[in-house]
Amino acid sequence: MISVDLSKAGNRNSDPCGEPLLLFQSDRHAVYHIGTAEDSAFRSNCYLLTDGSESLLIHPRGIYEFSFLYHQLNTILSKEPVTGLVISGADADNSALTEWLKNYPGCRLFTTPFIHLMLTSCGKEEYTFHDVREEDRFLFTSGRSLKFIPAPFLPSPAAFACYDETSGFLFSGDIWAAMDMDWHLVVDDFHDHEMKMNLFHIDHMASNISARGFLNRIGDLKITAILPHHGSILPKPFVNEAMDYLRRLKCGTDLFYPDIKQF
Ligand SMILES: [Fe+2]
């Protein structure tokens with residue numbers, strides 16, 4: 001097993017457009033950060049999870065980054081197809097869906113029924129739909145598995161997270177997302193990072209109940225790193241602090257309607 005020291009993960013900070021970065025490898029199971037061509041405070045991350053000849057793209061990204069990501073993927077897959085797209089939020093990123101399906105016909109979509117319905121506005125084509133609410137586990141042919149965890153109202157009603165049981169990585173969608181122009185791939189100062197997460201969470205996450213409800217669902221998982229859609233990866237030393245952050249979080253309706261008490 002190659003266990004990548006995330007705190008020293010390459011020079012991605014200075015070159016986010018560089019080669020895809022290996023974050024974990026065990027036998028024929030690997031996780032990569034694909035890189036990003038955008039330069040924004042709300043930087044998006046795209047990850048590739050490979051297991052033998054199967055490969056799932058987590059957060060496929062929108063039409064404006066399609067060519068860049070397609071090129072990046074070919075450096076890993078050598079023209080082998082991506083076999084699955086994991087779409088965990090109702091997001092503008094879904095705008096490139098037809099391009100992904102055109103280039104990877106036969107690709108399976110892992111998402112919730114509501115997002116599946118919304119994809120009609122992105123010019124949905126025929127595809128195999130894995131309903132993550134109905135089947136909360138996906139088994140690779142190797143026997144390794146992924147677990148899908150509902151994360152309602154964080155911030156989408158249909159949001160979910162994805163846990164890779166081999167690496168212990170939690171792909172958390174918009175949970176623990178952060179905003180910052182001075183981007184780093186991996187968090188090295190949690191206190192400083194908390195303020196960057198506040199910029200997104202306070203206004204966009206629904207409530208403390210939704211945050212703590214999600215924590216209850218992941219309490220039994222052995223998480224070795226948190227990999228959000230936006231911002232920076234939280235390595236193992238900060239996982240407990242990240243859980244505590246969510247537990248304490250006051251956001252959304254907690255702040256907009258402070259006078260209304262729970263019943
Ligand atoms: Fe997102």
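Analyst: In the largest nonpolar core, which has 66 residues, Tyr47, Ile58, Ala161, Cys162 and Ile233 touch the most other members. A nonpolar core here is a set of buried Ala, Val, Leu, Ile, Met, Phe, Trp, Tyr and Cys residues joined through C-beta atoms within 7 Å. Strand 11 (residues 160-164) gives the most to this core, with four residues.

User: Where do the numbers come from?

Analyst: This is a predicted model: local features need pLDDT of at least 70, side-chain atom pairs count only at pLDDT 80 or more, and totals for chains, interfaces and linings use all residues. Residues are numbered from 1 along each chain as its sequence is written. Helices (H or I, at least four residues) and strands (E, at least two) are DSSP runs, numbered from the N terminus.

User: What does Ile58 touch?

Analyst: Leaving out residues up to four places away in sequence, Ile58 touches Cys46, Tyr47, Leu49, Val86, Cys162 and Phe171. Contact means C-beta atoms, placed from the backbone, within 7 Å.

User: Now the sheet. What is the strand order?

Analyst: The order is 9-10-11-12-13-14, in an open sheet of six strands with mixed pairing. Two strands pair if DSSP finds at least two bridges between them.

User: Which strands are at the edges?

Analyst: Strand 9 and strand 14 (234-235); each has a single partner strand, so one side of each is left without a neighbour in the sheet.

User: How is strand 9 joined to strand 10?

Analyst: Strand 9 (residues 137-139) and strand 10 (residues 145-150) run antiparallel, joined by three bridges. Phe138 has Leu146 of strand 10 as its bridge partner. Their hairpin has five residues between the strands, and Gly143 there takes a positive phi near 100°.

User: And how many bridges from strand 10 to strand 11?

Analyst: Five, again with an antiparallel run. Pro150 is partnered with Phe160 in strand 11.

User: Why does Thr83 count as partly exposed?

Analyst: Because Thr83 has 19 C-beta neighbours inside 10 Å. The cut-offs are 20 or more other C-beta atoms within 10 Å for buried, 12 or fewer for exposed, and partly exposed in between.

Key: Contact = placed C-beta atoms within 7 Å.
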